[in-house]
Each structure stands twice: as structure tokens, then as C-alpha cells.
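Here are my notes on the two-chain model you sent over.

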Amino acid sequence: MNIVCAGINHRSATVDIREKFAVGPQELQRALSRIRDIDGLAGAVIVSTCNRVEYYTASVCPIRVLDGLRGYLKERSGEMDAPLYTHDSPSSVRHLFRVASGLDSMVLGETEILGQLKQAYASATACGATTRHLNKLFQHAFRVAKHVRSETQITRGSTSVGSVAVDLAGKIFGDLGGRTILILGAGEISEKTARSFVSRGAKTVIVANRTFDRAARLAEEIGGMAVHFENWPNIFESVDILICSTSAPQPIITREILGPLLKNRPDRPLFVIDLAVPRDAEAAINDLENVYLFDIDSLEKIVAESLEIRRAEVQRCEKMIDQHVSEFVGWMRNHMAFHA
Amino acid sequence: MDRFLLTGATFCLLLSFCHTLLALGAGRYRPGVFNRVALFGGFVLLTLDLWQRGQAQGSCPINSLFDVLVFMSWSILLIYLLVGPAYHLSLLGAFTSPLVFLVLLFAQLGLAGPPAQGRFARDPWVEAHAALSLIAYGAFALAAVAGLMYLVQDRQLKKRQAGTLFYNLPPVTELGVANARLLWLGFGVLTVGFAAGFMSDLQVNNLKFATSVLIWIGYGLLLALRKTHRLPARRTAYASMVIFGLTLLALPTIQYLSTAK
């Protein structure tokens, strides 16, 4: 029995090509039953995400299966030749383990792919499209992903400014549920950052902008409330996270302004995220008790450090994956006779 | 053979300490089973050692400076095992193991001598006073450790550094809360311990009494200032470390001087 993988991903094809081959959840069952008609194919799992479309198949005759898959894909895409990469075992096994561990992802070490693989496998199982070898392969892949993540730093840190800000807030407040966010300046980047916080349970979002209508519009979009810009100090007592991105030429959050406001909220940390250039918050406020200031440079520096750490871990991950591949190939060799 | 259990406990803590250092050095520390098992192993061995020496001395085994340090190490581990999981402070173990290891090492290398004889009669108030006081110091020790963790995390946030410790240390707010709660726990137990001392017929020299009262007032004042928001979390963390450091120096010195007389 052989495991064959054929697919396209973000490296081999641009999005306009990938979208032609994408398999939506509603057509997955049909696609699975269609490819199971391919001569020599014992079972299949289709993984279709925004960055990849991959077919994992169990077969005794890989060449015939690949030909069949190429024909199917051509037919699906309207006679377009898919820029397919193909892997035969053990290379296909290694490929799946790398995909599950996030090593093949666009953002190195991202974890969403594991959930997508689990979903793809569950769908194939529900359609009765998997075989014993595919079951074993995917279950092993999930174990590999867990092992790699827990033993290395491949998922360490965050890889976007928004998620770094959320991580930092977690290291200041712990649970973000019930926290109040004040946005000064209704720009796109502050909106994205605020949305990251809301998705992690932040309770209240207050928007203040020089143009009140714009503040009101953003507040409505993210389920918050708007205040007039000059009134923000009045609601400051309840604020935990301050996101600034105004276009003011001078700092608007200074030590002189913040100092007296902080006296009304003893022992309550304040996380200031300054996304504006020129900066909205004076650097000296970071010296105030319970105030943690991060500007755009410091957030981007953390993103870069996280990526660097992840890249440095790739070799260790590959070694761990090699061991798992040997283990799985050994199992396959011992179970040649009991295929399907 | 009589030091076998103690040596075993010290070895467990050394293992935990080395494991933490190696993992942190490799930049991949995660609080895990190894530290918990090593610290629990150390606690069990210390408990057996104390029980054995308590049987031999016919009283709570805190009759010499050596005994005091061993008992305090035991109480630090006890509080850690009770409090650590409750506050999700797994990494507290990584900071606790070096402290307890050094205290035990100092006790064994610097103070080991012939086994102490029970010096006072079996007055339950005296026993309660001594044992509770040392358990309180165990809580204060852990408050100092939580304070150190707070300061490390606070510094990393202020300096905008996201190193290995940053990702593994608990949130700075939770560390501040843990620091304050451990101080309250220690203060409460110490107060009960002092009350037990007053109920007994124990005669202590003035220097020891004055030092103990000063420590009690010091922690009481610290907690009062914290409670009324006059002392922010960062300064409370510093103060808890400073007062415990002074206590660690003062009490054994006085105990040593008293024994020398």
C-alpha cells in the first residue's frame, strides 16, 4: 500500500489558480465519491484551505491514481492543467506531518491548519472514504503536530501586530474578559487591533475621534460606543487598554495628562498601544507605575523576534518529524498485507 | 544514614534547579511534570527526615539553627505545593527550587553537627509557636519568590522584551495578587504563632523578641499600605523580598547567638 499526495499550495500557485481547485464543504462529499472511482484508489482525504488543496490517497498503484487525479482536476477546473506537486510514500507521509506541524504554512508554525486537517479527516471518515492506512496516517499526523508543538518553540509568540498586542495584554491582565478598550483615532489599524481584543472577550470598546461621525461609525461596526474626542479623559477611569492612532503632530498622551488621571485608578494597570506615526504617546509615560507602553516599532520587533525564533526551531522540528516518518513507514511495512 | 533522607531531598531540589537552568538556557522552559515531581519528592523526603528527627528529639525538630533551616525549607515546599497549583503558579517551582536547595545546602555544609537534643519540655504551645512561625516564614519566602517573578515580568514588559521567561511567567496582575495573598497568609499564620508563644511559658531573650516583633510589624505595615493602595504592587514586591531577606539574615543569626550562649 502506498500513500500518495497530490496538491497545490501558496508556494506553487497564486490565489487565482488555487481558487479554481478549491473544494468547498458542500461539495466535499461529491468530490470524494468521484475520486473514489479512480482505478486503483482505495481511499482518500481532501484537504482544502485558503492556502492549499491537497489529496491524500491510499493506493497500490500510485501512477494510475495520479493520472486519474490529474484528469479529475482538469475536468473540475475547466480543462486547466493543475500545477500539481506530488509525493509518494515516505515523502507524502513527511509532507503531511510537516503540514500538520505548521512547517509548510505561509505563516511558519501557525496552528489553524491542524484544525483544518482534523476537519478534513473527519469529513472523509464520515463519507467512508478512508482506509486503515489513511486512518493511521492522519491520527499519527495529529500526534506529530502535538509533539512538535509541545517540545519546540515553533508556535512561540505571535506573528501579527494585532495578535502580539493581545498576547501582551494577556501577560498584563490575564483574562481579557470584561476589559475596557479606548480607541483614540478611528483608523484602520486601530480598528483591526480592537477587533482582535473583542474576539478575545474584551467587554467594552469606546471610540473617540476628532470627527465624531467617524467614531460613531466605527463604534457601531465593532459593537462599541463613541464619545467626543475632548471627553476621553472623563471616561478614562474605567479604561484598561488604550489604543492610539491619531494623526496628531504632537503627543496627546503625556506624563502631565496621564499622571493625574492615574491617581483616580490606583493599582489598575494600563496598557497603551501606540500605533500612530508620529507617536501619540510620550515615551516617558512608560516610567509611570502600572503603565505599559508599546509603540508600533516595539510591537513589530516582537513579531520579528517570534518569527526568528520559529525559524530557528525548524531544524529540530524536522528531526522530530523524521523519527515519526520512520516509525510510520515501519508500521506500513509491517502491515502491507492488511491493506484497505 | 541519618542524613540520607536530607541528602536525597537536597538532590531532588538540585535536579529541579539544574533542569530549570538547562531548559531556560536552551530557551524552551515550560513548567512541567519534572519540576513538580522533583519538588514533591523533596517534600516527601524532608517530611520523613523531620519525622525521624522529631522522634529522636522527642519534640518538633527545631532545636538548632540547622533544624530551623530544614524545617523552613519544608514549610516553603509545603506552601508551594498548596498554593502553586491554586494560583496556576507552576513556574513558582522553578524559582522555589534554587531557594530551598541553597538553604538546605547551607544547612548541611555549614551547620551539620551532632543531632540536637530536645531543649524544651513538651509544651504544645511552644511547639505550635515554633512550627507555625516557621510555616509563616515559608509563606513569606514564597511571597518573596512571587515578588521576584512579578519584578521580572514587570521589567520585561517595561523594557518591551519578550524572552522565554516572558511567555512562561504568569500575567503581572496575577503575580501581584499572589504576592499579596502569600503575604496575608504568612502574616496570619505568624500572628497565630505569636499568640501561641504568648500562651506558653517560653522564655526568650529580648533581642529575639524585639526582632520577631519588628518582623511582625514590618509585614503588618507592608500589608496595611498595600491594602490602602499607598504602596503599588511593584514596591510591595520589592518590599516583600527585602523584608524576607532581612528575616533570613536576622533570625538564624539570633538563633545562633542564643544557642551559642
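1. Is B:Cys12 buried or exposed? B:Cys12 counts as buried, at 16% relative accessibility; the cut-offs here are under 20% relative accessible area for buried, over 50% for exposed and partly exposed in between, with a 1.4 Å probe and protein chains only. A:Cys50, by contrast, is exposed, with a relative accessible area of 61%.

2. Some ground rules before going on. This is a predicted model, so local features need pLDDT of at least 70 and side-chain atom pairs count only at pLDDT 80 or more, while totals for chains, interfaces and linings use all residues. Residues are numbered from 1 along each chain as its sequence is written, chains are lettered from A and ligands numbered from 1 in the order in which they are written, and side-chain values use heavy atoms, with hydrogens and water left out.

3. Still on the cysteines: taking a disulfide as a pair of cysteine sulfur atoms within 2.5 Å, the count over all chains is zero. B:Cys12 is in no disulfide, and its nearest cysteine sulfur, that of B:Cys18, is 12 Å away.

4. Chain B has nine helices and zero strands, where helices (H or I, at least four residues) and strands (E, at least two) are DSSP runs numbered from the N terminus. Along the sequence that reads α-α-α-α-α-α-α-α-α. Of the 261 residues in chain B, 54% are buried. Take the contacts (heavy atoms within 4.5 Å) in chain B between residues at least 6 apart in sequence: 79% of them join residues at least 24 apart.

5. In chain B, H3 (65-83), H5 (124-158) and H9 (233-260) each give at least two lining residues, and H9(B) has the largest share, with five. By type, eight are nonpolar, one is polar and none is charged (nonpolar being Ala, Val, Leu, Ile, Met, Phe, Trp, Tyr, Cys and Pro, charged being Asp, Glu, Lys and Arg, and polar the others, Gly among them).

6. On to the interface. It draws 27 residues from chain B and 32 residues from chain A. The two chains bury about 2,300 Å² between them, 45% of it on carbon and sulfur atoms; buried area is the accessible area (1.4 Å probe) that two parts lose on being put together, summed over both. On the chain B side, B:Lys158, B:Arg160 and B:Tyr167 lose the most area to chain A, together 32% of what that side buries.

7. B:Arg160 sits in the loop between H5 and H6 (164-168) of chain B and is partly exposed, at 22% relative accessible area. For background, most residues other than glycine have a negative phi, and most peptide bonds are trans.

8. Chain A has its own backbone entries to check. A cis peptide bond joins A:Ser89 and A:Pro90, with omega about 15°; A:Pro90 is in the loop between S4 (85-88) and H4 (91-100). Another cis bond, between A:Val277 and A:Pro278, has omega about 0°. A:Pro278 lies in the loop between S9 and S10 of chain A, and A:Asn290 is found in that loop too. A:Asn290 has a positive phi, near 70°, and is buried at 11%.
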